[in-house]
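Hello,

Here is the structure I promised to hand over. Please look through it first; my notes follow below.

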Amino acid sequence: MVMQKFRAAAASNRSTLCIGLDPDLARLPEHLTRDAAGIVQFNQAIIEATSDLVCAYKPNIAFYEALGSAGWQALKQTIASIPGHLPIILDAKRGDIGSTAKAYASAAFDELGVDAITLSPYMGYDSLQPFLERADKTCFILCRTSNPGGDDVQNLALANGEPLFLKIAELVAERWNGNQNCGLVVGATYPSEIATIHQRYPELPLLVPGVGSQGGDIGAVLAAAGEQAIINLSRSVLYASSTSSFAEAARDVAQRFLAPKQALNHP
Ligand SMILES: O=c1ccn([C@@H]2O[C@H](COP(=O)(O)O)[C@@H](O)[C@H]2O)c(=O)[nH]1
């Protein structure tokens with residue numbers, strides 16, 4: 001079961017930090033080439049500098065797809081550079097009719113070989129089934145996303161007065177998690193919603209983006225969900241410096257993230 005891989009990495013590094021590998025050509029350090037080769041060098045330096053501080057890495061597929069086939073190769077090289085004991089979450093937000101979902105699942109789990117993926121629930125069970133059936137992989141399903149526009153849909157009130165995102169959490173916890181391989185994506189920008197979700201479904205791991213660049217607060221997330229929160233930082237770590245010491249700067253940010261957390265665990 002792949003959640004064991006997350007737990008083992010979190011325990012050995014004493015960390016629930018996930019670093020998002022979202023390489024933006026325009027923000028690469030000045031000395032690197034602004035192409036797929038530059039991205040691989042950049043990612044490898046970030047991974048080398050931080051692999052003892054994280055419980056996972058999360059490449060967002062958009063940044064690689066934007067470069068066409070060279071980007072796909074850069075993604076594969078990045079994945080190959082991540083130490084095998086650290087889980088890789090592909091942030092792809094997939095979800096489509098069953099036959100297409102099957103191809104998406106094969107691309108992620110067989111071709112790329114990642115451990116986990118993000119999924120959109122809005123086409124329902126059959127659109128997720130090819131992912132959920134893979135008991136050795138973890139599926140993080142969008143529930144309450146970090147962006148302000150998430151309100152437009154996720155906060156719509158159902159007949160019982162509750163917001164739609166709570167129904168998504170219920171579906172995941174009570175119907176889609178037969179293989180015990182589901183988690184939820186919940187934005188750090190909504191800590192009280194995280195607390196509600198965590199209180200109702202304490203067994204579900206939570207992937208929490210939105211800290212740092214989007215304004216979410218680590219302390220509030222930890223108070224809301226504690227050890228169940230895998231907290232993602234992307235831009236605030238990756239672009240801590242644009243100089244040749246960018247990897248050291250990234251490490252510093254990651255260490256600063258860990259400091260209050262370790263204090264929490266080991267008072
Ligand atoms: O609700 C969501 C779901 C996914 N994301 C993704 O996480 C990272 C966040 O990057 P930062 O630079 O730390 O803001 C990025 O890949 C998003 O696409 C999210 O932000 N919110």
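**What was found**

The shell around the ligand has three nonpolar, 11 polar and three charged residues. Here Ala, Val, Leu, Ile, Met, Phe, Trp, Tyr, Cys and Pro count as nonpolar, Asp, Glu, Lys and Arg as charged, and the others, Gly among them, as polar. This is a predicted model: local features need pLDDT of at least 70, side-chain atom pairs count only at pLDDT 80 or more, and totals for chains, interfaces and linings use all residues. Residues are numbered from 1 along each chain as its sequence is written.

Of the 17 residues around the ligand, Asn 60, Thr 145, Pro 209, Ser 234 and Arg 235 come nearest (near: C-beta atom, placed from the backbone, within 6 Å).

Now the sheet. Eight strands form an open sheet with parallel pairing, in the order β2-β1-β8-β7-β6-β5-β4-β3. Strands are DSSP runs of E, at least two residues; helices are runs of H or I, at least four; both are numbered from the N terminus. Two strands pair if DSSP finds at least two bridges between them. The edge strands, β2 (56-59) and β3, each pair on one side only.

At the β2 end, strand β1 (residues 17-21) pairs with β2 in the parallel sense over four bridges. Ile 19 has Tyr 57 in β2 as its bridge partner.

At the β3 end, three bridges join β3 to strand β4 (residues 116-119), and the two run parallel. Ile 89 stands opposite Ala 116 in β4.

Best wishes
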